[in-house]
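Let's take a walk through this model, helix by helix and loop by loop. Have the chain in view and follow along.

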Amino acid sequence: MKKIAGLLLIQLVWVTCAWAQNDEKEQIKASGEYYFGEAIANSSKEASDQALKFLTQSISITVHSEFEKKTDETLQAAGGDFKEVTENILKTYSTATLKNVLTIKRPVSGQIEIFHYIKKTEVNKIYDERKRTVFNIYDQASEFEENRNYGGALKWYYFSMILMNSIPEQNVMHRGVNLTTEIAKKINYVLQNVRFSLIKEDRRNNNQERELTFKVTIDNKPIQFIEFNYFDGFDLVNSTTTDGIAVMMLYGPSVEMKNLTVGIRYSFYEARNEIAEVGQLWDLVSKPQFKSAIFVDLKKHVEKLKVEKKQLISEKDSSIE
């Protein structure tokens, strides 16, 4: 008799707790202060995974509208619609999100119900953490730029733009500066002001190889480092300028080229995974495109170089006399 009474007491406590949890869950839903997702399954893991999926979808409904306000080009539907891409972007926040998710569990007819919820203010903190990452990358890029390492500056400015496209805010402010527009200006300034000036030409192997040495500057000051590409006659070649000097080799028919197109590198696809979030977002967000091609009139440069050599010889002859 006592054993039966004990079992009835346990069952009563269990039912009371279940009702209390259900009441708490309904209060959370009605409060408007939380994002939530719930699911019932035969295992806790399956129910939890489904509940987290619904939680992410709940957040994405709000974020979706914020992205639309930001710009029509913020997202590109990579194999899915706008809403689906928004949800995929939110998954790049998942590690941080899971740390702040709260859970209510209760048995339901031999299965388990999982209710995951998170305060909307906590989600905002996650966005703030992403912004801090953007600020750190931007500050690093600014430091590179100050040291005339424009290769590093372009790379980190571009990565910060990729990350900004995952933040559901129209304007991202940092120390009074609107990075949403400022970073694009900085990238454009570098790309539009790089100058290649020929300082040496050398032909070899029966005129089948041509070595061109350039002084590379911005605002008449040597660029310490930048990456670029050009067509050498056989393939597109990646090269660099160091301490303001760049050397390019032309082969075969390209030896006689009268002009050269140089592309300044700024997007660095192969380095996208150096920052995990950038790699995750690369195929989801719209990647900005910049005009990076520089036209170098080789004929004009060579003629100028010849004039300078003649002047130098004339000056030397005059000094001898």
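Start at a loop: N205 sits in the one between β6 (194-204) and β7 (209-218). Helices and strands here are DSSP runs, H or I of at least four residues for helices and E of at least two for strands, numbered from the N terminus. The phi of N205 is near 50°, a positive value in a residue other than glycine. Further along, N220 is found in the loop between β7 and β8 (221-222), and N220 also has a positive phi, of about 65°, although it is not a glycine. For background, most residues other than glycine have a negative phi.

A word on ground rules: this is a predicted model, with local features needing pLDDT of at least 70 and side-chain atom pairs counting only at pLDDT 80 or more, while totals for chains, interfaces and linings use all residues. Residues are numbered from 1 along each chain as its sequence is written, and side-chain values use heavy atoms, with hydrogens and water left out.

Now to the helices. Helix α5 (residues 120-146) has 27 residues and spans 39 Å from its first C-alpha to its last. That is close to the 39 Å expected at 1.5 Å a residue (the expected span being 1.5 Å times one less than the number of residues). Just after α5 comes R148, with a positive phi of about 60°.

α5 passes α6 in a left-handed crossing, in other words the near helix is turned anticlockwise from the far one by less than a right angle. Ala, Val, Leu, Ile, Met, Phe, Trp, Tyr, Cys and Pro count as nonpolar, Asp, Glu, Lys and Arg as charged, and the others, Gly among them, as polar.

Residues meeting here include L154, Y158 and M161 in α6 and I183, I187 and L191 in α7. This contact divides into 12 nonpolar, 2 polar and 1 charged.

And α5 with α7? Their axes come within 12 Å and cross at roughly 30°, so α5 and α7 are roughly parallel to each other. V134, F135, Y138 and E145 of α5 make the contact with L179, E182, I183 and K186 of α7. Here the tally is 5 nonpolar, no polar and 3 charged residues.

Finally, charge pairs. A search of the whole structure finds 20 salt bridges (a side-chain nitrogen of Lys or Arg within 4 Å of a carboxyl oxygen of Asp or Glu). In one of them, the side chains of E113 and K25 meet at 3.2 Å, N to O. This pair links distant parts of the chain, with E113 in strand β3 (residues 111-119) and K25 in helix α1 (residues 2-31), 88 residues apart.

Methods:
Contact = heavy atoms within 4.5 Å. Axes fitted to C-alpha atoms, helices over the stretch in contact; angles between N-to-C directions. Parallel < 35°, antiparallel > 145°, perpendicular 65-115°, else oblique.
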